Amino acid sequence: MTELEVLNGRSVARRQALPPVLAGVALGVAAFSVDLAPEVVGRFLVPAFSSEFAWGVVALAVSYFAATFRSALVAGVGTLVLATLIYYGLVVSLSRRWYHGSSSSGPEEVVSLDGLTSVARASAFWLVGALIGGLVLGCLASVVRVGSARNAGVALGVAFGLLTGEAAYAIFHALFIWVGPVDSFVCARIGSAAVQFLLAVVAALVALRLRRRLVALWVLLMAAAVSVTANVAIWHLIELVRTTL
């Protein structure tokens, strides 16, 4: 291999790495920024910047434009893993949520070891989720882009379920599990879920437009229905695990 070929290979690798890096940093910073926003403002920002839809659609988009199947997998994993690392890095370094009490020498806050342990467990949990989710989303994006009409329909339907799983679970929880009053918190959660569903529909339409080839519509709809149902169950398990972290 000549020196020119080596340089060209490195240039291509840098170009392929840039979108996941930029997207991962942007996602992590955006999610952390939403945490800092006042609750009245934050509830409107969550669907677009700090939800399963927000992270999933960015990973799908970055993976969709990857040149090969392998690079699509790398793009999906890289985007979500980096975003998770950035988010929890900012939580530990800038957020005061994991401090408590005061030191013996003054009123300044001291580090809560329990809080830091909780952050470590949560970050490890979501890093595993980012790895699995990135692989799945990268695979789906590649199939949507280059697969047959039937395969692309299945992939896009499954992707729709992934993008709306958290929102579908929020609605399911409010309708069938929640036993408290239907207060402003519940209404806000349902409203956020509805926005995520709408955004996911828009994302699916954009994906169909970008593909510019036929997709088996009935296959897409059936796959979406099955995927949404499965993701409600998955998010129920996720919520059970999150309560213990």
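**Helices, pocket and cavity in a predicted model**

The protein's secondary structure comes to 8 helices and 2 strands (DSSP runs numbered from the N terminus: helices H or I of at least four residues, strands E of at least two). This is a predicted model, where local features need pLDDT of at least 70, side-chain atom pairs count only at pLDDT 80 or more, and totals for chains, interfaces and linings use all residues. Residues are numbered from 1 along each chain as its sequence is written, and side-chain values use heavy atoms, with hydrogens and water left out.

Colleague: In what order do the elements of the protein run from the N terminus on?
Modeller: The count is 8 helices and 2 strands. From the N terminus on, the order is α-α-α-α-β-β-α-α-α-α.

Colleague: What percentage of the 245 residues of the protein count as buried?
Modeller: Buried means under 20% relative accessible area, exposed over 50%, and partly exposed in between, with a 1.4 Å probe and protein chains only. Of the 245 residues, the buried share is 38%.

Colleague: Is Asn231 buried or exposed?
Modeller: Asn231 lies in helix α8, residues 217-242. The buried residues of α8 include Val228, Asn231, Val232 and Trp235. Because its relative accessibility is 5%, Asn231 counts as buried.

Colleague: Which residues is Asn231 in contact with, leaving aside neighbours within four places in sequence?
Modeller: Contact means heavy atoms within 4.5 Å. On that basis, the partners of Asn231 are Glu52, Gly161, Leu162 and Gly165.

Colleague: Is Ile177 buried or partly exposed?
Modeller: Ile177 lies in helix α6. Not counting residues up to four places away in sequence, Ile177 touches Tyr169, Phe172 and His236. Its relative accessible area is 32%, so Ile177 is partly exposed.

Colleague: Which element gives the largest share of the lining of the second largest pocket?
Modeller: A pocket is an open set of points on a 1 Å grid over the protein atoms alone, with protein on both sides within 12 Å along at least five of seven lines; lining residues have an atom within 4 Å of a point. This pocket is lined by 18 residues, with Val57, Leu60, Ala61, Ala203 and Ala207 nearest its centre. Elements giving two or more residues are α3 (52-64), α5 (113-146), α6 (149-177) and α7 (184-211). The largest share is 6 residues, from α7.

Colleague: How many nonpolar residues are in the lining of the second largest pocket?
Modeller: Ala, Val, Leu, Ile, Met, Phe, Trp, Tyr, Cys and Pro count as nonpolar, Asp, Glu, Lys and Arg as charged, and the others, Gly among them, as polar. The lining has no polar and no charged residues. The nonpolar count is 18.

Colleague: How much space lies in the largest cavity?
Modeller: In a cavity, a 1.4 Å probe fits but cannot get out. Grid points are joined across faces, edges and corners, and a volume is the space filled by probe spheres set on the points. His173, Ala174, Trp178, Phe185, Val186 and Arg189 line the largest cavity. Its space is about 40 Å³.

Colleague: How many disulfides does a search of the whole structure find?
Modeller: A disulfide is a pair of cysteine sulfur atoms within 2.5 Å. Cys139 is partly exposed at 29% relative accessibility, and Cys187 is partly exposed at 44%. The disulfide count is 0.
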